[in-house]
Amino acid sequence: MSGSAIGKPVAPGASFDYEAKRWGAAPLRPKPWYMNGLKLRYLLADLGPVRGRVLDVGCGAGSVAKAVKRERPDLDVFGCDVSRSAIAAASASPDGVDFRLATAERLPFGDGELDFVWIFDVLEHVADPERVLREVARVLKPGAGFHIVLPLEAQPRTLYRLVGCGTRWTAKVRHGGHIQIFSAERFGTMAASCGLRLTQTRWSYHFLLQALDLLYFTWLDVRGPVSGSVEDMSAQRAGFTGGVMRGASKAVATAAWGEGRLLRALPGGCGHFTCLRQVS
């Protein structure tokens, strides 16, 4: 995939309905049997020395922000999202988090007001990722930290790159709203140009989750769209079917945690990037 192919949105941002879908409602802990448990663990490691006000950009229904508040009750935790339905769901039981309706391009905070910001699986959805990163840099104090989890569907030597994710294979554009295709190199260059210095990279989504991800979104092309993530749907489903879904989700999550931890120094299909707001 050429540099020009991954430097522009692969579909109009308005083609995906964020009010019709919801992510981030299922409970989350930094444990192997939670699908996003490894992502949360790495975030909490970066938050270790942090004190003060922190923000989850694109918080969805709030599972990550609430998990951070539970693990770090000393922090003032905020969450923002563009979806009214997601913020309504998060605010119904805020668990100490201040949830606000806002876009990632215009955050409701002053210059240098925040001590830490994180973004999970959002930058691939926006038409102008540089604008989002500049806004993150604006609200951070100089030298403050930024943590981002980013699908790397243009990363060399991945299954995503092999199938031509976003070009020849477009299921994640239609069913996931992934209009930006990133590699680690593209993100690092972009972050630096926006005042965010990359200091550490961890990796996950090696072979297992890449294969399952491709199979799942290909299946959605046959089945049709769904209203949320697999973990959210399995948490909401009652009875025998729900139990089977939750058991399968936990098994996959545990296996993926082990693979991710074992291979965390090797490039994979997801990057966990730690950055610092550059000091002028």
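Which residue of strand 4 is the bridge partner of L55? In this predicted model, the bridge partner of L55 in strand 4 is V117. The two strands concerned, strand 1 and strand 4, run parallel and are joined by four bridges.

These two strands belong to an open sheet of seven strands with mixed pairing, arranged in the order 3-2-1-4-5-7-6. From one strand to the next, the twist averages 20°. In general, the strands of a sheet pair through backbone hydrogen bonds, in either a parallel or an antiparallel manner.

Helix 1, formed by residues 37-47, lies across strand 1, strand 4, strand 5, strand 6 and strand 7, and runs at about 165° to strand 4. Helix 4 lies across strand 4, strand 5, strand 6 and strand 7, with an angle of about 145° to strand 5.

The largest nonpolar core comprises 35 residues. L55 and V117 are among the residues with the most contacts inside this core, together with L123, F146, F187 and L196. Two or more residues of the core come from each of strand 1 (53-57), strand 2 (76-81), strand 4 (114-120), strand 5 (140-151), strand 6 (196-204) and strand 7 (270-277), and likewise from helix 4 (129-139) and helix 7 (184-193). Nonpolar side chains tend to be buried together in soluble globular proteins.

The surroundings of L196 were examined individually. With residues up to four places away in sequence not counted, L196 touches L133, V136, A137, L140, F146, A191, C275, L276, R277 and Q278. One of these, F146, is also listed among the core residues with the most contacts.

Backbone geometry was considered at two loop positions. Most residues other than glycine have a negative phi. D95, in the loop between helix 3 (84-92) and strand 3, has a positive phi, near 55°. R157, located in the loop between strand 5 and helix 5 (159-163), likewise is not a glycine and has a positive phi of about 60°. The relative accessible area of D95 is 47%, so this residue is classed as partly exposed. For R157 the value is 79%, and this residue is therefore classed as exposed, the cut-off for that class being over 50%.

Key:
Residues are numbered from 1 along each chain as its sequence is written. This is a predicted model: local features need pLDDT of at least 70, side-chain atom pairs count only at pLDDT 80 or more; totals for chains, interfaces and linings use all residues. Side-chain values use heavy atoms; hydrogens and water are left out. A nonpolar core is a set of buried Ala, Val, Leu, Ile, Met, Phe, Trp, Tyr and Cys residues joined through side-chain atoms within 4.5 Å. Buried means under 20% relative accessible area, exposed over 50%, partly exposed in between (1.4 Å probe, protein chains only). Contact means heavy atoms within 4.5 Å. Two strands pair if DSSP finds at least two bridges between them. Axes are lines fitted to C-alpha atoms, for helices over the stretch in contact, and angles run from 0 to 180 degrees between N-to-C directions.
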